Amino acid sequence: MRHRLWDMTRDRARSLGMWLRQGLFKRFVSFVCLGLFLALRVWDPTPLEMLRVRTFDLYQNFHPREPTPQPIVIVDLDEESLAKVGQWPWPRTVVSDMVANICDSGAAAIGFDIVFAEPDRMSPAKIAGALHGLTPETRDDLMKLPSNDQVLADTLKRCRVVLGQAGYFRIIERESTGIIKTPIAEIGGDPRPFLLNFIDTVRNIPVLDKAGKGHGMFTITPETDSVVRRVPALLRVGESIFPTLSIEMLRVATGQKAIAAKSDNLGLKGVVVAKKLVPTDNHGRIWVHYAPSDPKRYVSAKDTLNGSLAKDFFSGKLVFIGTSAAGLLDIKSTPVNDAMPGVEVHAQLLETILSGDYLTRPGNAIGAEFSVALLSGLLMIFLMPLLGARWTLVLFVVMTGVLTSGSWYLYVEKGALYDVTFATLSTFLLYGLLTYANYSSEEAQRKQVRTAFSHYLSPAMVEKLADDPSSLALGGESKDMTLLFCDIRGFTTISEQFDAEGLTSFINRFLTPMTDIIMSNGGTVDKYMGDAIMAFWNAPIDDPDHARHASIAGMEMMKTLRNLNTEWEAAAKEEGGKYIPVNIGVGINSGSCCVGNMGSDQRFDYSVLGDDVNLASRLEGQSKTYGVDIVIGENTEQLIDDMAILELDLIQVKGKTVPVRIFTLHGDEEMETSGAFQSQMSRHKYLLQTYRAQDWEKAKNFLSECRNLDKEERLGKLYDLYEERIAEFEAHPPGPDWDGVYVATSK
């Protein structure tokens, strides 16, 4: 008794120790994974950043900035203007007229989302040098006229115009005239290390460059996925700093002399312009808070030239000049619009600044997101063992809803961008890891059982053993069952056209749909024997209509084979190979069988034995002899007497001493009720009656009628066989004791 108590105590201690070790290991792995997730957040690779900013895109899609009246207009070099005035670039005199009209209308500032990097080829001097045949007087008159560039420069000098420039990643060969730039004050530190850096700028020709009141960079740098979310407020070219077009327009419109960059050791904090602090990220980029695209922002450039606008139309307005024409290739993808003209991005940025409706990533955003991810992960690790997978999932859903709602509230009410996708994703991955760990632990225990018994039992029986351990014993039960055997005829000839790999593929292509048919009709596949299939019905699941289901499966197998032959024939033609039609024979028989675990004490499998099993196999072999697809036994015929069935013969199959009646399954219930089949069945019965009565003349007459009724010639070989027998018996009568039994000489 004392030893027994000691053994029980020891076993429980071992179990407890194993449970503790498994639990500690799971938690250790969970902590390691959580640490890796947090390290990934610190690293912040591009895919993770894209996931975060795409979430912010969704916020803007669902709740874009509310449009408010702002003094901003876009003069659009649209398709209609290009069609009216001509292709771009227009003569600078036309541009001058457009600028003059806008300026005279009272515009507060004009900004070009365009750069005039080359002299105008339509200037009078250029034309004088290019045209031949001009008189000296005409040539001299043209040479005395001011250039188109000078005309535009004179107009620019009297207006508040910001000329556009673009960053460039290579040095541009040009005449050295010096860089004209806006003074940038530095507050708190040097912002240059944090700014997007270019090698050079694409800028306007000197005569225009000197005439502008300001110079702004219109370079837009899409993110990795080509979406424009943030626009640089400041850009760096070498050691020089340039403001973006929108910032410079605001400076010029308000008459300020300089712009200030506010930064610290971590990066930029914002840009001071027109006595406003415009918040930026650490790299000096402004999150554009997009409003829905509105055609009212635009006015066609042709309307500024033809005088169709009111004289004070541009009074007090900040006017951008740019293009929406697709051919000029200034179309950008944004969170609210997949195809937005670049000039509208600048306009929307300026609207964001003027309305003060900013989007920002607060300084504590990264720390808050990191902390939420850490806390959520710890909750998941500690609560999963206590609550279980189901309630932990409920907790995760609730927690995700709370975090998402909080992030959405801060976006809508404060314009603050807090990411919850990382915390949600990392927590869900931890949940999945812990759930998988629990499942894996249970599966490992099952695997031990499977491994222990896999050498002795089939996989199916191992699973059955898990459900019912009492079934681990030899023996079986007697049941009325239906057996089906299927075999490919002439398989040796077919196999000669394949190599080993091709033959395997062919067999699999054949066995897979046939197996599907058997299983979909409630059958159990007992085994595969090369190209043959053995299946049975009414075990292990009871099936009162087993004979019918087996018969339907046999007919469906024949239908599927026809489709397979069509595919194989087409493939053979395409590959230039030889096509050999595939034919199968099916034998079906019903009767009492022993079904259960068959084998030895060392190894057994779930199978079926019995005389009717052997008969089903013999019937399949006779399908070739009688030239029919499906041969069924008498027991099966009695169970499905409402289907189209024709008797084949009274035969003594090889290995048996008692003759049996065999039949062919000719069709389903619909065929059985048809007038054509009833006529054929009637003549067929008379044929067999007269044949067995040795009335050869009548038998031949009925045989002829049967052939005429066999429209599809499905029974041609059967009737040929009876014609040969009748001729043989006429020459050599079988005698008065003949009982009509045919003794089969082959399986």
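E239 is exposed, with a relative accessible area of 55%; here exposed means over 50%, buried under 20%, and partly exposed in between, computed with a 1.4 Å probe on protein chains only. The structure is a predicted model, in which local features need pLDDT of at least 70 and side-chain atom pairs count only at pLDDT 80 or more, while totals for chains, interfaces and linings use all residues. Residues are numbered from 1 along each chain as its sequence is written, and side-chain values use heavy atoms, leaving out hydrogens and water.

**Salt bridges**

Let us stay with E239 for a moment. Its salt-bridge partner is R192, with 3.8 Å between the closest N and O atoms; the term covers a side-chain nitrogen of Lys or Arg within 4 Å of a carboxyl oxygen of Asp or Glu. This pair links distant parts of the chain, 47 residues apart: R192 sits in the loop between β4 (184–187) and β5 (197–198), and E239 in the loop between β9 (234–237) and β10 (240–243). Helices (H or I, at least four residues) and strands (E, at least two) are DSSP runs numbered from the N terminus. While E239 is exposed, R192 counts as buried at 17% relative accessibility.

How many salt bridges does a search of the whole structure find? The total is 40. Among them, E351 and R65 meet through their side chains at 2.9 Å, N to O.

**Cysteines and backbone**

The structure holds 1 disulfide, defined as a pair of cysteine sulfur atoms within 2.5 Å. The disulfide joins C103 to C159, with an S to S distance of 2.3 Å, and the link is left-handed, at -110° about the S-S bond. C103 is in helix α4 (residues 92–104) and C159 in the loop between α7 (148–157) and β3 (161–168), so the link ties together parts 56 residues apart in sequence. C593 is in no disulfide, and the nearest cysteine sulfur, that of C594, is 8.8 Å away.

Most residues other than glycine have a negative phi, and most peptide bonds are trans. Even so, W88 and P89 are joined by a cis peptide bond with omega of about 5°, and P89 lies in the loop between α3 (79–85) and α4. A274, in the loop between β12 (267–273) and β13 (276–279), has a positive phi near 50°. Q694, in the loop between α21 (675–692) and α22, has a positive phi of about 60°.

| Residue | Relative accessible area | Class |
|---|---|---|
| C103 | 17% | buried |
| C159 | 2% | buried |
| C593 | 2% | buried |
| C706 | 0% | buried |
| A274 | 22% | partly exposed |
| Q694 | 24% | partly exposed |
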